[in-house]
Amino acid sequence: MPRFDHYRQFQELPPEEVSRELRERRDEARAREVVLVPELDLARTAWHEPPHAEAVNAATFALRRRMNAYPDPSAREVRELAAARHGVTADQVAVGHGAAELLQEACAVLLHGGGELLVAWPGWGPLPELARRAGGSPVAVRGEGGIGPLADRTGAETRAIALSSPNDPTGAPVARDDVRALCERVGERVCVLLDEALAEFLEPGEDAAGLVAELPNLLVFRTFAKAHAMAGFRIGYVLGPAEMAERLTPSFSVNAPAQAAAAWSLELGDAVLARRRAAAARERERLAAALHGTALSFPPTAAPFVWLSSAAHTGREIAEHLGLRRIKVAPGAQWGDERHVRITLRDSAATDRLIAALRELA
Amino acid sequence: MARNDPTDTGGLFIGRRPGTAPVHYASEPEMGSPGRRRIDRAVAAFVLVVETLVCLTLWGPQPVAWLWVGSQVDFHAGSVTLGIAVAFAGMIASLMLTLVLAVRLDAIWKVVRRAAGYDQREGVLSRIFVVTAIVAAVAFGCWFLILEGPAPSLAPQ
């Protein structure tokens, strides 16, 4: 060993040398690192943003004021606001723990002792199971949202008909006149359960809730989980004949924060709903424009999701392709449809990512 | 133990304090035998003494030497200005050269101290510089005020 090598090993590296080494080490680590792409969940239909801050404020205020007290068992304020909004009386409104619970309760009441529930298919997924649990027999009626097949299939065993507007998963709305025609055609013996969970995405006046005032066999279910962005509150309401509304009212009241937030939304939330409706429409248009001229397409929709299909790929293939790009969608197989996928629309960044992924497929 | 350990700072991790950056070596140094480290300690002490002496020359011998050179220039050239200029330039030049030498000695001292087994992160030159300046100022004060006395115009009547 040369004479001074022992001492040279104690010489520190100059800062530039240290930085160079650290940079090289960092570059090496980065090259080895798997690039993490966050998952984009476009399979759920709950609104992706939090509720309006004032709705949260109302809920918080209710919590602070009423922590030690039971909430209003009749949810009077929400019922009155909903009644005024839809042109019915307050006793025609029942407030429950979300539209799903109320639908379940309606199935239990209507199908008690058996009978058929005709379900416009594809439709809201859990409905057949709700009918079975209630003791009834679900019958899927394919009709692409039209009411003709439903009316034709109605028989002596039919107790109720369930359909949604806008339809989940296709997004197709059911015209107000069609609802009226269906109710009149099947008669008072058969109850029509109209799920309007997504009705806030329709233009004002296009929903059928107001028909409850004139049709004795119509139940309309509304939720705060979608456009109101309050899925976590678990609150919804049903509009129908007073006797039916009373039977569907839950035995134990909806919690106070949920009632307060729902009341705020009904009273003051229209501007927020309009913004969300416009946002959903904007993203739909962007997606439609981006897919124009490709093998991918979706039918006209009023909902914040699209029922997408491809001339070249099955729904499963589309879902797998998007899944590899960390975009989660609902495959149509859930509804027994191998051609489609349901894709929820979120904000513009999500649509950008979706378009980029779909272009690779197209 | 690392000197930026939170236990050093009352449990608060306040980031790296000045002078606590780890020393980066090209590779992990291999320590010498105990005997060699003892020798290195002695060498480090010797280098420190030399470094101190070198710094001390800045405050006495070097200025005096350049003043003598300046006086010689004045005597031979008959120009006070030239004598002062040469003395001043010479002092600046030798100051620079001395600092270069001191920096090198300080680097050697650090390396030898590390070889002797000390976790030596910083040099000692700045402290030596300040200490020698103080020593020189005190010595000059003693010489000026006690041994030689001030000039006649400043002397007490």
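Predicted model: local features only at pLDDT ≥ 70, side-chain atom pairs only at ≥ 80, totals over all residues.
Which backbone nitrogen lies 2.9 Å from a polar atom of the side chain of A:Ser165?

Residues are numbered from 1 along each chain as its sequence is written, chains are lettered from A and ligands numbered from 1 in the order in which they are written, and side-chain values use heavy atoms, with hydrogens and water left out.

**View 1. The surroundings of A:Ser165.** The nitrogen in question belongs to the backbone of A:Val174. A:Ser165 sits in the loop that runs between β5 (158-164) and α8 (176-186) of chain A; helices (H or I, at least four residues) and strands (E, at least two) are DSSP runs, numbered from the N terminus. With a relative accessible area of 2%, A:Ser165 is buried (buried means under 20% relative accessible area, exposed over 50%, partly exposed in between, with a 1.4 Å probe and protein chains only). Leaving aside residues up to four places away in sequence, A:Ser165 touches A:Pro173, A:Val174, A:Leu194, A:Asp195, A:Glu196, A:Ala199 and A:Leu202 (contact means heavy atoms within 4.5 Å).

View 2. The largest nonpolar core holds 51 residues, and A:Leu163, A:Leu182, A:Leu218 and A:Ile235 have the most contacts inside it. Such a core is a set of buried Ala, Val, Leu, Ile, Met, Phe, Trp, Tyr and Cys residues joined through side-chain atoms within 4.5 Å. Helix α10 (residues 256-268) of chain A is the top contributor to this core, giving 7 residues. Apart from this core lies another, of 30 residues, including A:Val109, A:Leu111, A:Ala131 and A:Phe221.

**View 3. A:Glu246 on helix α9.** A:Glu246 is found in helix α9 (residues 242-248) of chain A. Is this residue, A:Glu246, buried or exposed? A:Glu246 is exposed, at a relative accessible area of 64%. A:Val95 is 151 residues from A:Glu246 in sequence, and the two are 9.8 Å apart in space, C-alpha to C-alpha.

**View 4. Where chain A touches chain B.** Here 9 residues of chain A meet 17 residues of chain B. About 1200 Å² is buried between the chains, with 58% of that area coming from carbon and sulfur atoms (buried area is the accessible area, 1.4 Å probe, that two parts lose on being put together, summed over both). A:Tyr7, A:Phe10 and A:Glu12 supply 53% of the area that chain A buries against chain B, more than any other three residues. There are 2 salt bridges between the chains, a salt bridge being a side-chain nitrogen of Lys or Arg within 4 Å of a carboxyl oxygen of Asp or Glu. The side chains of A:Glu12 and B:Arg114 form a salt bridge at 3.0 Å, N to O.

**View 5. B:Thr98 within chain B.** B:Thr98 lies in helix α3 (residues 80-115) of chain B. Its relative accessibility is 8%, so B:Thr98 counts as buried. Beyond residues up to four places away in sequence, B:Thr98 touches B:Val54, B:Thr57, B:Leu58 and B:Gln62.

Key:
Polar contact = N/O pair within 3.5 Å; in protein donor to acceptor, adjacent residues only side chain to side chain.
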